[in-house]
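Please look over the model below together with these notes. They are set out as numbered points.

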Amino acid sequence: MIGLIASIALTSIGALAWGLLLGGVSRMVTARIHGRIGPRLTQNYIDLWKLFRKKSSIHHGTMFWLAPMFRITGGIGVLLLVPLVAGNSLIVNMSFAGDLLLVVYFMFFGCLGMALGAGDSGHPYAVIAVSRGLSQMSSYELSFSAVVLVLAAGLGTLSIREMVAAQQGGILSWNAFRFPFATAAGLITFLPMQMAYPFSIVLAPQEIPIGPPTEYSSRFLSFMFSGRAIFGVAKLVLFVNLFFGGAGSWPGLLVKTFLLYMFPVFVSPVFPRFRTEQSVRFLWFVPTALAAVDLVRVLI
Amino acid sequence: MYCNRIPDRPDERKRIWDRVDDMARANSLWVTAYGTGCGAIELRPLHTSRFDMERFGIAMRPTPRQADVLIISGYLAVKTLKRVIRVYEQMQDPKYIIALGSCTINGGMYFDSYNTLNILDRYLPVDVYVNGCMPRPEAIIDGFSLLMRKIKDGHADGWKHYRENLDFYRENQKSVISDWDLPDYNW
């Protein structure tokens, strides 16, 4: 029991540190694309500490207080359900019990809690962002479900651990090569999951200033930042497991998640933002059609 | 919703983590994106690759709830003062004010205007003044570095001064705002 708690704590802290570092790299890369020097690599850690130690005197209701907890719980929940390193006996968490459907449910959990909290704040921009976010989430869940169907039909299992095991034996046995269209669809749905352009309609700077966290400050915001960092790492690990053969070692996991994280970082700065209906329509049709190609191929 | 109770006086002892906090606060200044006067035009270049304020950890926030710094960018009309008070009091402690331009110091070229404030310090606690009409972006960055030094030294305590001398500030604010309808304190 103590081992499990220690393992969960280590995983969460490690994911937080890695997520914040990746965020720092993202800010630096974006600045270089703009032709700026950009912030320090450690800027996200400094921001998080400052927010954590700032005072707060805002109260908008119970859900407003609970939402950052939901967010962070959703992130840690997803992280614990996906296997981090294949065959690792030190950090096992709950990867033995997690199948893909449970993970997909948990991915909704944090976002829904966040939506309720933002709604409780009563700020019009937060409510607009929540309605946008939930519409977009429903649409990319459709295409992501199509991707899950391809993997389940192709590999004959819903267990992530068995999916990772089925991809061992060389790069060509990765799902990215066995199901290239489904992988492309998965990577497209990864962009709205990471709130990257052109799907950044939820936070939407300069439009609905910051979206759901408009009324959040101080410690609440620091918990949200942490939740976002952990959730980001959880999604990276999930995608590495689903499409890129999982990770055989800790350095392998870090390299693969880093490279995958760079995909939205380089796509994001060169696109403008979709309108909500454009985003929903695109996510309904394009990735779903891509996944359908592989589904037909698998079923035939 | 807001709280009417004035917060308790913080413990003044300087502990180790207070120094760590001050370092973090100085290197992560988030600014309320609110231009009160013509000086706001000089803030825009700070985002660009020529001046790039993000390299100092300075970023714009679209909501006062998340901001640490309020910039009074130039002349402040009485009508705007009411909104500025509202914004400043919605910001969470610790918070700082940078005042740009001559207008905030002595009224500048609007010194005899019927609706422009002459001495900003009587209405809100200013931590750093940046002189000029208008100060160039380099001068604003210099003002930011002065604020960072003051925060690191623990001297940027305008927010405490405001809280402890609220009656003085309220009296001055109410003396110029004829249609006062703000709550007594909007923390």
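How many residues does the contact take from chain A and from chain B?

1. The contact takes 28 residues from chain A and 20 residues from chain B, where two residues are in contact if their C-beta atoms, placed from the backbone, lie within 7 Å. This is a predicted model, in which local features need pLDDT of at least 70 and side-chain atom pairs count only at pLDDT 80 or more, while totals for chains, interfaces and linings use all residues. Residues are numbered from 1 along each chain as its sequence is written, and chains are lettered from A and ligands numbered from 1 in the order in which they are written.

2. On the side of chain A that touches chain B, the elements giving two or more residues are α1 (2-34), α2 (43-52) and α9 (218-243) of chain A, and the largest share, five residues, comes from α2(A).

3. Chain A holds 11 helices and zero strands, helices being DSSP runs of H or I with at least four residues and strands runs of E with at least two, numbered from the N terminus.

4. The radius of gyration of chain A, taken over C-alpha atoms, is 19 Å, which agrees with the value near 19 Å for a compact globule of 300 residues under the rule of 2.2 Å times the number of residues to the power 0.38. Along the principal axes, the C-alpha atoms of chain A fill a box of roughly 55 × 50 × 40 Å.

5. Among contacts in chain A between residues at least 6 apart in sequence, 80% join residues at least 24 apart.
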